[in-house]
Amino acid sequence: MPGSNCTQATGFSLMGFTEDRATHVTLFLLFLLTYLVTILGNLGMITLIRASPLLHSPMYYFLGNLAFVNLCTSTIITPRMLVGVLLGKKGITYAGCMAQVFTCGLFVVTECFLLAVMAYDRYVAICHPLLYPLAMSPERCSRLLASSYLLGLANGMAQTIGMSSLSFCSSSTIDLFFCDISLLISLSTSDTTLSLVILRTSSSLFGVPSMLVVLVSFVAIISTILSISSAEGRHKAFSTCASHLTAVSTFYGALIFMYLIPRSDTSRAGDKWAAVLYTVVTPMMNPLIYSLRNQEVK
């Protein structure tokens, strides 16, 4: 409820992980190493895909854009988190917080649809190989990619508009290492109906359909693979899809835990580590998974 003695916030305090200074050094080194691997892995993947004619195919076209999105997601979150862990600077301005809300909303939803498009690509390649050149033509790939970015942009704008109508007390503290929209809504001192409607609607419109595309695609893929008589053929097909399935499971699992499982504000202890999975770990994992398990990339 709004309070008469509440001063409108011009910034927020990010709690991070722990108050133990000794632990801060370990966390800083761990996250710094993770970020460096993320930068090198994703930049390397983008460079390799652009430079190698062997990788000029729809699958790698989408993979290169996934690497770009992972690079952006990690850069939005991790450097600010490293400064907070190392120097103990917890403050973030209101404008900086809204920028994180917008960019996270943009790139997280874009990644959801990129993963769905990549699952569809694998479905066509394995289940309908003769139709693949037509179904995944350059024009259609460009439209699918543009749609992913436009849907991400729509989500980022909607979340930011919803947040701009909220009021916060100057003492607002976010119990996380970045400005997560669900926690911001719970901290607001004004009516949060519009923001909650936007959050639930975007989760339903953007998250659920992309997950269903992935689920249906992989059910069809597994069914087709099991019908292959050759053991070598089954192994090759499973190997092609295993990397994508690993990345998808980690990313969507963390998002489902964060945004689609109803729970009270007092039962959010696992939110920090779920957020680490989809903002820090997944951007690092994707280039490693796709390079280590992919003969063409090797």
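**Terms and model**

The axes are lines fitted to C-alpha atoms, for helices over the stretch in contact, and the angles run from 0 to 180 degrees between N-to-C directions.

I am working from a predicted model, in which local features need pLDDT of at least 70 and side-chain atom pairs count only at pLDDT 80 or more, while totals for chains, interfaces and linings use all residues. Residues are numbered from 1 along each chain as its sequence is written, and side-chain values use heavy atoms, with hydrogens and water left out.

**Whole chain**

I counted elements to begin with, and the chain has 9 helices and 3 strands, where helices (H or I, at least four residues) and strands (E, at least two) are DSSP runs numbered from the N terminus. Along the sequence they come in the pattern β-α-α-β-α-α-α-β-α-α-α-α.

I then looked up burial, and 48% of the 298 residues of the chain count as buried; buried means under 20% relative accessible area, exposed over 50%, and partly exposed in between (1.4 Å probe, protein chains only). The accessible surface of the chain comes to about 14,200 Å², and 70% of that belongs to carbon and sulfur atoms; such areas come from the Shrake-Rupley method with a 1.4 Å probe, and for residues only the protein chains shown count as cover.

For contacts (heavy atoms within 4.5 Å), I noted that, among those in the chain between residues at least 6 apart in sequence, 78% join residues at least 24 apart.

**Helix 1 and helix 2**

I took the pair formed by helix 1 (residues 21–51) and helix 2 (residues 58–87), which pack at an angle of about 160° with their axes 9 Å apart. The two helices are therefore roughly antiparallel to each other. By class, the contact of helix 1 with helix 2 has 20 nonpolar, 8 polar and 1 charged residues; here Ala, Val, Leu, Ile, Met, Phe, Trp, Tyr, Cys and Pro count as nonpolar, Asp, Glu, Lys and Arg as charged, and the others, Gly among them, as polar.

I also recorded that helix 1 passes helix 2 in a left-handed crossing, the term for a near helix turned anticlockwise from the far one by less than a right angle, with right-handed used if clockwise.

In helix 2 I selected leucine 66, which counts as buried at 0% relative accessibility. Not counting residues up to four places away in sequence, leucine 66 touches Glu111, Leu114, Leu115, Met118, Asn286 and Tyr290. Leucine 66 and proline 283 are 217 residues apart in sequence, yet 9.0 Å apart in space, C-alpha to C-alpha.

**Helix 3 and helix 5**

I next compared helix 3 (residues 94–127) with helix 5, and the two pack at an angle of about 150° with their axes 8 Å apart. Helix 3 and helix 5 are therefore roughly antiparallel to each other, and their crossing is right-handed. The residues of this contact divide into 17 nonpolar, 9 polar and 1 charged.

On the helix 3 side I looked up threonine 110, which counts as buried at 0% relative accessibility. Leaving aside neighbours within four places in sequence, threonine 110 is in contact with Val69, Ser148, Tyr149 and Gly152.

In helix 5 (residues 138–164) I looked up asparagine 155, which is buried, with a relative accessible area of 5%. Beyond its neighbours within four places in sequence, asparagine 155 is in contact with Gly105, Leu106, Val109, Ser202 and Phe206. Asparagine 155 and threonine 103, 52 residues apart in sequence, are 9.6 Å apart in space, C-alpha to C-alpha.

**Helix 3 and helix 7**

My last pair was helix 3 and helix 7 (residues 193–226), which pack at an angle of about 20° with their axes 9 Å apart. Helix 3 and helix 7 are therefore roughly parallel to each other, and helix 3 passes helix 7 in a left-handed crossing. Among the residues that make the contact are Val109, Phe113 and Ala116 of helix 3 and Phe206, Val213 and Phe218 of helix 7. By class, this contact has 18 nonpolar, 3 polar and 1 charged residues.

The C-alpha atoms of leucine 212 and alanine 116, 96 residues apart along the chain, are separated by 8.4 Å.

Definitions and conventions. Angles under 35 degrees count as roughly parallel, over 145 as roughly antiparallel, 65 to 115 as roughly perpendicular and the rest as oblique.
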